[in-house]
Amino acid sequence: MSEPAMLELSGVTKEYRVGGQTVRALDGVDLRIEPGEFTSIIGPSGSGKSTLLHLLGALDSPDAGSIRFRGEEIGTLDDERQSEFRRHRVGFIFQFFNLLPTLSAWENVAIPKLLDGTGLRKAKPRALELLKLVGLSERAGHRPAELSGGQMQRVAVARAMIMDPPLILADEPTGNLDSKTGASILELLGEIAGSGNSVVMVTHDMGAVRYCDRVVTLRDGRIGADELGERSVTA
């Protein structure tokens, strides 16, 4: 029996009310994300990229269609089960890092563990291990104000991995970084995908697609193209 997809979307539709009118952000999207795949979602503003990412991370629910995670439906979860799914199955990486300024790098990484009931002392070894993985061992005790943009994003990547989630969702992770620093973050995400996690990234950066296995283009809430990325072609 073949392994189920990490994510499988079928006929997913999402609508919003804006200014008294109904806007269809996603219109019957079919999509399959495999384990260990680094997928980039691209498209112009308003194409539905952010809406799609929110649905994949159970931050919202579709109006119609099915979203399955490893074969189990997540599109119809209630609020409590959505929260449980987000805590244990998904790691989020944001454009603006979302680090707490009063905490050190390792404490920021440990936050998801603390929210899940693990004490700070017990969470520290894993947090330090992940900071070493992303190349920041020497910065573990530094606060965000003492870190560069690229270093803050590496802390955010480590934080996304602290619960060992099989799925990493990245929302414009290189949007606030220079091209060289952004490239190092994309290489890091590719390494994470190579270890068996699925990474789905929303981006406006067309140069980022060279680091991905797959590039999915959204237009007007529909998939306009689904192509192999350069990472897959050269692998």
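**Notebook: strands, a helix and salt bridges**

I began with strand β1, which pairs with strand β4 (residues 64-69) in the antiparallel sense over five bridges. I noted that two strands count as paired if DSSP finds at least two bridges between them. Helices (H or I, at least four residues) and strands (E, at least two) are DSSP runs, numbered from the N terminus.

Before going on, I reminded myself that this is a predicted model, where local features need pLDDT of at least 70 and side-chain atom pairs count only at pLDDT 80 or more, while totals for chains, interfaces and linings use all residues. Residues are numbered from 1 along each chain as its sequence is written, and side-chain values use heavy atoms, with hydrogens and water left out.

**Entry 1: around β4**

I looked up Leu 9 and found that its bridge partner in β4 is Ile 67. Next I followed β4 to strand β5 (residues 72-73), and two bridges join this antiparallel pair. Here Arg 68 stands opposite Glu 73 in β5. β4 and β5 form a hairpin with two residues between them. I checked the turn too, and Arg 70 has a positive phi of about 50 degrees there.

**Entry 2: strand β8**

Is strand β8 (residues 198-202) buried or exposed? Five of its five residues are buried, so β8 is largely enclosed by the rest of the structure. Buried means under 20% relative accessible area, exposed means over 50%, and partly exposed is in between (1.4 Å probe, protein chains only).

In a regular strand the side chains alternate between the two faces of the sheet. I listed both faces of β8: Ser 198, Val 200 and Val 202 are buried on one side, and Val 199 and Met 201 are buried on the other.

Which strands pair with β8? Strand β3 (residues 38-42) runs parallel to β8 and is joined to it by four bridges, with Ser 40 partnered by Met 201. Strand β7 (residues 167-171) also pairs with β8 in the parallel sense, over five bridges, and Asp 171 has Val 202 as its bridge partner. From β7 the chain crosses through helix α6 (residues 179-194) to β8, in a right-handed β-α-β crossover. Right-handed means that, with the strands pointing away from the viewer, the path from the first strand over the helix to the second runs clockwise.

**Entry 3: helix α3**

I turned to helix α3 (residues 105-115), where the buried residues include Trp 106, Val 109 and Ile 111. Their cover includes α4 (120-133) and α5 (149-161). Just after α3, I found Gly 117 with a positive phi of about 100 degrees.

**Entry 4: salt bridges**

Side chains of opposite charge can pair when their charged atoms come close. I looked up how many salt bridges the structure holds, and the count is 13. Each is a side-chain nitrogen of Lys or Arg within 4 Å of a carboxyl oxygen of Asp or Glu.

Which residues does Arg 24 pair with? Arg 24 forms a salt bridge with Glu 15, the closest N and O atoms being 2.6 Å apart, and another with Asp 27, at 3.1 Å. Arg 24 counts as partly exposed because its relative accessibility is 42%, and Glu 15 is partly exposed at 30%. I also saw that Glu 15, Arg 24, Asp 27 and Arg 222 are linked in a network of salt bridges.

At 41% relative accessibility Asp 226 is partly exposed, whereas Arg 214 is buried at 11%.

Definitions and conventions
Contact means heavy atoms within 4.5 Å.
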